[in-house]
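Dear colleague,

Please open it first, and then read my notes alongside it.

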Amino acid sequence: MVMFTLACAFHNTDRLLERTLPLALRSLTQPTRHEFEVLLVADRSPDETVARLLPRLAEFGVDELRFRRTNRLSYPGLGSNNFHANNFTTTRPYLVSFTDDSFIWKTDESFDVLDAMAGIFERHPAVTLINKVDDHDEWDSPLIDLGPEIESGVRSVNRVIDQLIAYDTGRFEPVARQFGAWDRETFSGDMGIRYHWEHLASHVGRTAGRKIARPETWPLRVRHCDLRLDPDSIHGTQDEDVKLKCFDNLLRSQGLNKHSGPAD
């Protein structure tokens with residue numbers, strides 16, 4: 001049995017959070033044979049939003065709330081860079097991060113997701129990251145296989161996206177530090193030289209023999225509760241009402257379709 005930290009990035013969509021977070025925690029931890037703690041990271045959240053969250057932490061299953069203002073000492077580029085770089089922790093062997101607009105649905109209630117993650121890390125010393133996101137066809141760059149499967153049903157891939165990332169913290173942190181993960185000048189939001197945490201994490205996970213594992217056969221569906229502004233754009237609408245509609249469509253289709261039409 002090992003200890004996991006589960007960290008959810010939250011901004012300013014508490015109506016969505018009350019739908020996504022309980023579902024994500026149920027899917028990731030019920031059942032599990034491992035110990036875990038739950039962090040809610042209120043990054044770039046207004047004071048009044050955080051105040052509304054405080055009396056609901058027990059209801060949501062949150063052990064710790066972190067609130068950081070970003071008017072000073074913030075990382076350039078995507079706002080999610082602040083969540084990852086300011087809140088990465090190596091106090092637990094494994095860190096699982098996800099976002100408040102992640103829809104995480106388990107199709108087999110008996111499946112132990114954390115145990116499956118720990119098993120991949122334990123069996124494969126080269127695996128540094130595990131990523132499970134199903135709407136990768138919406139990404140701005142393609143998902144590519146790098147070599148043969150890590151094991152049956154688990155691909156070795158080129159990149160991660162932050163709807164659900166699991167880290168072996170001891171393998172990731174030293175290399176990420178060498179790559180400048182905690183140097184603000186590392187990141188950039190300029191379209192010509194765009195470089196964000198997901199790019200850095202992907203570089204760490206696919207260089208010098210390290211691997212990013214993508215489980216294809218797990219009974220787990222993970223999708224982004226948002227729509228793209230334009231095809232192949234990295235930017236979503238960031239509209240809470242749109243995200244709530246996506247969540248409802250995903251719930252109705254058991255994680256297959258965020259649109260209002262027939263399931264994929």
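How close do the axes of helix H1 and helix H8 come, and at what angle do they cross? Before I answer, please keep in mind that this is a predicted model. The axes of H1, which covers residues 14-29, and of H8, which covers residues 240-252, come within 9 Å and cross at roughly 30°. Angles under 35 degrees count as roughly parallel, and H1 and H8 are therefore roughly parallel to each other. The crossing in which H1 passes H8 is left-handed. On the H1 side, the contact is made by Asp14, Arg15, Leu16, Arg19, Thr20 and Leu23, while H8 brings Glu240, Asp241, Lys243, Leu244, Phe247, Asp248 and Leu251 to it. Sorted by class, this contact of H1 with H8 has 7 charged residues, 5 nonpolar ones and 1 polar one.

Helix H6 (residues 169-178) and helix H7 (residues 197-206) have axes that come within 10 Å and cross at roughly 115°, which makes H6 roughly perpendicular to H7. The crossing of these two helices, H6 and H7, is right-handed. Here Phe172, Val175 and Ala176 in H6 meet Trp197, Leu200, Ala201 and Val204 in H7, and by class the contact of H6 with H7 has 7 nonpolar residues, with no polar and no charged ones.

Next, what empty space is there inside? Rolling a probe the size of a water molecule over the atoms shows where empty space is left. In this structure there is 1 cavity of 30 Å³ or more, and the largest cavity holds about 60 Å³ of space. Its lining is formed by Ala7, Phe83, His84, Asn87, Phe88, Leu95, Ser97 and Tyr167. Helix H4 (80-87) and strand E4 (94-99) each supply at least two residues of this lining, and the largest share, 3 residues, comes from H4. By class, the lining of the largest cavity has 5 nonpolar and 3 polar residues, and no charged ones.

Finally, there are two details of the backbone to look up. Most residues other than glycine have a negative phi, and most peptide bonds are trans. The peptide bond from Gln30 to Pro31, however, is cis, with omega near -5°, and Pro31 is found in the loop between H1 and strand E2 (35-43). Ala208, although it is not a glycine, has a positive phi of about 55°, and the place of Ala208 is in the loop between H7 and strand E9 (211-215).

With best wishes

Definitions and conventions
Residues are numbered from 1 along each chain as its sequence is written. This is a predicted model: local features need pLDDT of at least 70, side-chain atom pairs count only at pLDDT 80 or more; totals for chains, interfaces and linings use all residues. Side-chain values use heavy atoms; hydrogens and water are left out. On a 1 Å grid over the protein atoms alone, a cavity is a set of points where a 1.4 Å probe fits but cannot get out, and a pocket is an open set with protein on both sides within 12 Å along at least five of seven lines; lining residues have an atom within 4 Å of a point. Grid points are joined across faces, edges and corners, and a volume is the space filled by probe spheres set on the points. Helices (H or I, at least four residues) and strands (E, at least two) are DSSP runs, numbered from the N terminus. Ala, Val, Leu, Ile, Met, Phe, Trp, Tyr, Cys and Pro count as nonpolar, Asp, Glu, Lys and Arg as charged, and the others, Gly among them, as polar. Axes are lines fitted to C-alpha atoms, for helices over the stretch in contact, and angles run from 0 to 180 degrees between N-to-C directions. Angles under 35 degrees count as roughly parallel, over 145 as roughly antiparallel, 65 to 115 as roughly perpendicular and the rest as oblique. A crossing is left-handed if the near helix is turned anticlockwise from the far one by less than a right angle, and right-handed if clockwise. Contact means heavy atoms within 4.5 Å.
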